[in-house]
Amino acid sequence: MTLQAQVQSGSSAEPEQSFTDGRISARWFPVFMLLPAILFILVVLLFPLIYSLYVSFTPYELLKPNSLKFELARALRNYQRLFADAIFWKSVGNTIVFLFLSINLSYVIALGLSQLLARVTRGQGLMRTLLMVPMMFAPILVGFQFRWFFNANVGLVNNLLFSLGLMQERGQIAWLVDEPLGMFSIIVASIWMNLPVLTIILLAGTLSLPVETFEAADVDGANSWQQFRFITFPLLAPFSYIALTILSLDISRAFDIVRIMTDGGPAHRTELIWTYVTRLAIENTKFGLGSAMSWVTVVLAVAFTLYFFRQLVRSRVVR
Amino acid sequence: MLHKASLLVFALALLLGAGLAAQDMGELQYAGLDMDLSGINIRMANIGGGTYEVMYESISVFEEATGATVEIVALLDGFAIDQKLKVDFATGAADYDVAWDHTSFMAQYTDFLLPLNDFFSEEELAAFSPAIMDAATVDGNLYLIPRHADISPIHYRLDLYESEEIAAEYMAATGEELTVPTTLEQIDRQARFFVENGHSTFGYTLAGREEALTGRFYEMHFASGGSLFNENWEPTFNDDVGVAVAELLRGWYMDSIIPVDTTDLLWDGVAAYFCNGDTAIKLEWYGWYAYFQSPDNCAINHNFGLARGFTGLSVGGDAVRPSGWAGAHAFSIPATAPNPEAGAQLIKFLSSERVAYEEAQLGYLPVRNDVWTRIIDDAAMAENPLDRERLVLAQLQVSEDFKTPPLIAEWIPFSNIFYPHMQAILLGDVSAQDGLDQAAAETREMMADAGYYG
């Protein structure tokens, strides 16, 4: 009997003795072996989560240690305050707009770039290397870079527009101030940072597609658009799914960009959940309120995810 | 022969000069070296970066004289050191003997600091500017020893005030002489005149975000006789004075007297507009002086003058006073310091006449009276007379106009409530009265949470 078979059978007394000297049953042996990992996850992941949930029901402020105490009468105060806070809901709305535009536009541009790159016959290696350059920048540096690009006084964009005669006086457009240019600017910076990883994944997917399918389509007289629409795009679906999943998990790195470029301002015009919770929890040291906001955000995110997932499933069933 | 003689005279002059300098340096006194601290390791968490760190090079003198070793456990920028201190204080991990402090931040740390009254004699404390020591004292407890200070004089473009043509034009337009402004209303008239008649791209500039905007509003408000809070800590900045100041700023923004990206500007952005020569008048920290005078960096070099801060709007009546929002970097001792006495000795050394003088030579404003005298005397020999005028003016402002933000732990949370509302007023999203009323309501809620109203 192999070791695996012995463990799986669980009924044999012989392997029990040989593994644990009769002290732990074979059924619990795998659990016992996994215990360090389970404990590690509990300590590192679950405990902070539960603790932050507890903190969210207290008026805890970092520099007032005595404020970390639960009082039933005041337990929901942080949540009541958040639900009545117009800036919080504005930051939720801005975050949804930011995520929607940043993720979708990044995907569309990356899809286009990957198709162009797939058709490059010479120097594709060099172009792929160049494409990776934005990945080498820390988000905070991307933030500084685009803050300078969009600076009204000495920025690249305004000076370029002025040089091209598209602007009568220097510094006329306040990119980081005016609505909706502020959101536009941080979305552009975010897209710039997102593009390399998306494009590389989609390019890899495109290059792995079977050539025979396209040859058959050629024979049938399908033009380039039809080949893309009915062959490339559907076959890339698994890659698109992976790319969008990675991006969705990674998009919060854009916090550093926003923090440097606008820090949520002016007048909360570009306030995102991340900048607002930082202001509440870190700058104002109101950990209770900040924790409550984080938990409301988590619940909203889960609710949105479930809703969109159901819609996706329903649309597939209908189709 | 004459050439050799000249060289000899020059060499003698150099030697004499060096001797005098050495003698001068000899008169400068270190402090904090009179205790045997052999075997003690003093830990320090302080502000770092750029010229902040030059001071720490002198610590080897302290180590040699006292036998102590000094371990610098953190050198971080202002924002980062504040975050570190907050976390360390809250978790009881502030296991260092000397910590960075600042008059604007001190109030939030006081529960975690040792009062310094017992570590310093009255004679030692008398060396520092009384206005700063007042700002460092809460309920009779002294919580910090100042290191260097900053305050803002009016900076103005000289060419605009020296041109007879512009002066005549101004007289024709307003019926008054064009003189360096002393009041906020004069600044308003002149700034508008310079822009509307094409003499300057912008009439004024100010930082328009974060604590910088809150501070500049606070300054204009108290200079106009207003107060952010009353004696019961109820917000009062939405009074007539506050609304008048907010409407002034909003009018400047709407009429392009200040840049279109004002609400995106912090100190460096504001300085850049003046450096380029695009701004006629502004309040600016003394710390930027060397940058503005540098021919390599700034078009404005040798083309600007300095004047005492303005008095506020006349709506404040007799309560108007000169502007002077100010602050001082400093040293404190955490309550959890393992060796507080040794930490105090190190602070005495770092704030001593000699170390303070050496730091003042980098351009920082000193906080000791004896150092003021010395650097003003030194500047008398400077090529540019403004070098000395600047120091005389700065000493006057530090001694008479120095005003910190309210000494409450809620200053930064208050600022985070206030400045977005002020930005909304500037941008025209809301009226001055409504914006200030909303900010006051939120501030009141925050102060109530903090237990100010019983």
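How many residues does the contact take from chain B and from chain A? The contact takes 22 residues from chain B and 20 from chain A, where two residues are in contact if their C-beta atoms, placed from the backbone, lie within 7 Å. This is a predicted model, in which local features need pLDDT of at least 70 and side-chain atom pairs count only at pLDDT 80 or more, while totals for chains, interfaces and linings use all residues. Residues are numbered from 1 along each chain as its sequence is written, and chains are lettered from A and ligands numbered from 1 in the order in which they are written.

**The side of chain B that touches chain A**

At least two residues of this side come from each of α3 (78-91), α12 (267-275) and α18 of chain B. Helices (H or I, at least four residues) and strands (E, at least two) are DSSP runs, numbered from the N terminus. The most is given by α18(B), with seven residues. By class, the side of chain B that touches chain A has twelve nonpolar, four polar and six charged residues. Here Ala, Val, Leu, Ile, Met, Phe, Trp, Tyr, Cys and Pro count as nonpolar, Asp, Glu, Lys and Arg as charged, and the others, Gly among them, as polar.

Helix α18 (residues 411-427) of chain B packs against helix α19 (residues 432-449) of chain B at an angle of about 165°, with the axes 9 Å apart. Axes are lines fitted to C-alpha atoms, for helices over the stretch in contact, and angles run from 0 to 180 degrees between N-to-C directions. The angle therefore makes α18(B) roughly antiparallel to α19(B), a term used for angles over 145 degrees. Residues in this contact include Phe414(B) and Phe418(B) of α18(B) and Leu436(B) and Met446(B) of α19(B). Eleven nonpolar, four polar and one charged residues form the contact of α18(B) with α19(B).

In α12(B), Gly269(B), Val270(B), Ala271(B), Tyr273(B), Phe274(B) and Cys275(B) are buried; a residue is buried if 20 or more other C-beta atoms lie within 10 Å of its own. The cover over the buried residues of α12(B) includes β7 (154-157), β8 (202-204), β9 (279-283) and α13 (289-292) of chain B.

Five strands of chain B form an open sheet of mixed pairing, in the order β2-β1-β3-β11-β6. Two strands pair if DSSP finds at least two bridges between them. The edge strands, β2 (69-76) and β6 (145-150) of chain B, each pair on one side only. On average, neighbouring strands of this sheet are turned by 20° against each other, direction ignored.

| Partner of β3(B) | Sense | Bridges |
|---|---|---|
| β1(B), residues 41-47 | parallel | two |
| β11(B), residues 327-332 | antiparallel | four |

Ala99(B) in β3(B) is the bridge partner of Ala45(B) and stands opposite Ser332(B) in β11(B). His102(B) stands opposite His329(B) in β11(B). Five of the five residues of β3(B) (residues 98-102) are buried, so this strand is largely enclosed by the rest of the structure. Val98(B), Trp100(B) and His102(B) point one way from β3(B), and Ala99(B) and Asp101(B) point the other way.

**Chain A**

Chain A has 15 helices and zero strands. Of its 319 residues, 29% are buried.

Technical notes
A residue is buried if 20 or more other C-beta atoms lie within 10 Å of its own, exposed if 12 or fewer, and partly exposed in between; C-beta atoms are placed from the backbone. Angles under 35 degrees count as roughly parallel, over 145 as roughly antiparallel, 65 to 115 as roughly perpendicular and the rest as oblique.
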